[in-house]
Amino acid sequence: MFAMMETTRLESLHFAQDPQTGLKAIIAIHNSRLGPALGGCRYISYPDEQSAIEDALRLAKGMSYKAALAGVAQGGGKAVIMRPAHVDNRGALFEAFGRFIETLNGHYITAMDSGTSSADMDCIAQHTQHVTSTTAEGDPSPHTAMGVFAGIRATAMARLGSDNLEGLRVAIQGLGNVGYALAEQLHAAGAELLVSDLDEGRVQLAMEQLGAHPVAREALLETPCDILVPCGLGGVLNSQSVLQLRCAAVAGAANNQLASSDVADTLQARGILYAPDYVINAGGLIYVALRHRGESLVAITSHLTQISRRLTEIYAHAQADKRPPSRVADDLAERLLYGP
Ligand code: NAD
């Protein structure tokens, strides 16, 4: 366990269980140099405890990097609740989790993530104030979409020499909460949309409302386009799929798009500019962090501009050093997290 913590440079790991509600929860605090750790709470089933712990560690580390480059003065952390096969009272389970968070005295702030809802955050909020994305605070997805939109413009500027999206062919994988809101903005900016989703209803809606062209799911990655926008699951860019891409740039919301870090080198060698996912998709984090501190929507919208500025800075360094932008982003984040 300690070897794993050392490899990820994890600050601390916390466990709680509550037999009455069935709660089995892990909170990983990766780095709190820049502020209290903030990160979502996953509620999914895991094959065993080890995989739940590993997931918490990996995700907490990602949050440290994302928060550092988003300039939100927060650290990185993540919570994982091992979803039981059966739960009698979901509300009571999340209340027990709220009591667990409260014992950490504000060192960890939770938020919605895979498998949790704002109603679950409301249950947590009955026992601690260290919780965001409650029903009162609202869904961060539109802010993630806004940040990705600005990031796509910065990416177009760096790779194609103009941030005017009119007439650009943009292929979007996944029209969920973020993908659809983004598609609306891209359509308004005059981009031509090529879309796919597991849910045909979402595709149909985009065709009717945004004039989008449907693309078969298995064909989307190899569709000729200017910008590929992954907004579904992570790991879409692997050593095989990356060779099929026919785009100038990849810039989307999905977390952990690179299946492994060496995929970045292949993208670079193929002349495809890659927007590091945790930089371009930080809008939701910016929203929950600033909202939690009581900042206004105007202040939040203004902070979102940090995303395109940061990307532009990363692209400039990457070009000067002939390195993949994702490696430049990691170095920048590590300087903030561990530097002098
Ligand atoms: P969502 O679940 O609302 O939407 C995901 C959509 O992608 C679904 O409609 C799903 O059917 C579709 N999809 C999944 N796999 C697909 C595939 N292979 N081909 C085509 N479509 C596919 O999720 P979301 O909130 O929109 O988030 C999208 C991505 O962005 C996720 O990776 C998420 O982790 C990441 N992200 C989201 C936020 C946020 O604020 N919601 C913030 C940061 C990162």
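Is Asn177 buried or exposed? The views below take up this residue and several other sites. The model is predicted; local features need pLDDT of at least 70, side-chain atom pairs count only at pLDDT 80 or more, and totals for chains, interfaces and linings use all residues. Residues are numbered from 1 along each chain as its sequence is written, and side-chain values use heavy atoms, with hydrogens and water left out.

**View 1. Asn177 in helix H6****.** Asn177 is exposed, at 58% relative accessibility. (Exposed means over 50% relative accessible area, buried under 20%, partly exposed in between, with a 1.4 Å probe and protein chains only.) Helices (H or I) are DSSP runs of at least four residues and strands (E) of at least two, numbered from the N terminus. Leaving aside neighbours within four places in sequence, Asn177 is in contact with Asp139 and Ser141. Contact means heavy atoms within 4.5 Å.

**View 2. The "binding site" listed by UniProt****.** The unreviewed entry lists Gly174, Leu175, Gly176, Asn177, Val178 and Gly179. UniProt positions follow the numbering used here, feature names are shortened, and annotations may be inferred rather than shown by experiment. Gly174 sits in the loop between strand E6 (169-173) and helix H6 (177-188). Gly174 is buried, with a relative accessible area of 9%. Beyond four places in sequence, Gly174 touches Gly179, Ser196, Asp197, Cys231 and Gly232.

**View 3. Thr223 in a loop between two strands****.** The loop runs between strand E8 (213-214) and strand E9 (227-230). Thr223 is buried, at 10% relative accessibility. Not counting residues up to four places away in sequence, Thr223 touches Arg169, Leu194, Val215 and Arg246.

**View 4. Lys78, an "active site" in the UniProt record****.** That entry is unreviewed. Lys78 lies in strand E4 (residues 75-82). Lys78 counts as buried because its relative accessibility is 7%. Its contacts, leaving aside neighbours within four places in sequence, include Ile26, Gly39, Ala56, Met63, Tyr108 and Asp113.

View 5. The domain assignment gives domain 1 (2-124) and domain 2 (141-338). Such bounds come from an automatic or database assignment. The C-alpha centres of the two domains lie 26 Å apart. Across the boundary, 20 residues of domain 1 are in contact with 26 residues of domain 2. The whole structure holds one cavity of 30 Å³ or more. The largest cavity has about 50 Å³ of space. On a 1 Å grid over the protein atoms alone, a cavity is a set of points where a 1.4 Å probe fits but cannot get out; a pocket is an open set with protein on both sides within 12 Å along at least five of seven lines; lining residues have an atom within 4 Å of a point. Grid points are joined across faces, edges and corners, and a volume is the space filled by probe spheres set on the points.

**View 6. Lining of the largest cavity****.** The lining is formed by Lys66, Leu69, Ala70, Tyr278, Val279, Ala282, Gln306, Ile307 and Arg310. The lining has six nonpolar, one polar and two charged residues. (Ala, Val, Leu, Ile, Met, Phe, Trp, Tyr, Cys and Pro count as nonpolar, Asp, Glu, Lys and Arg as charged, and the others, Gly among them, as polar.)
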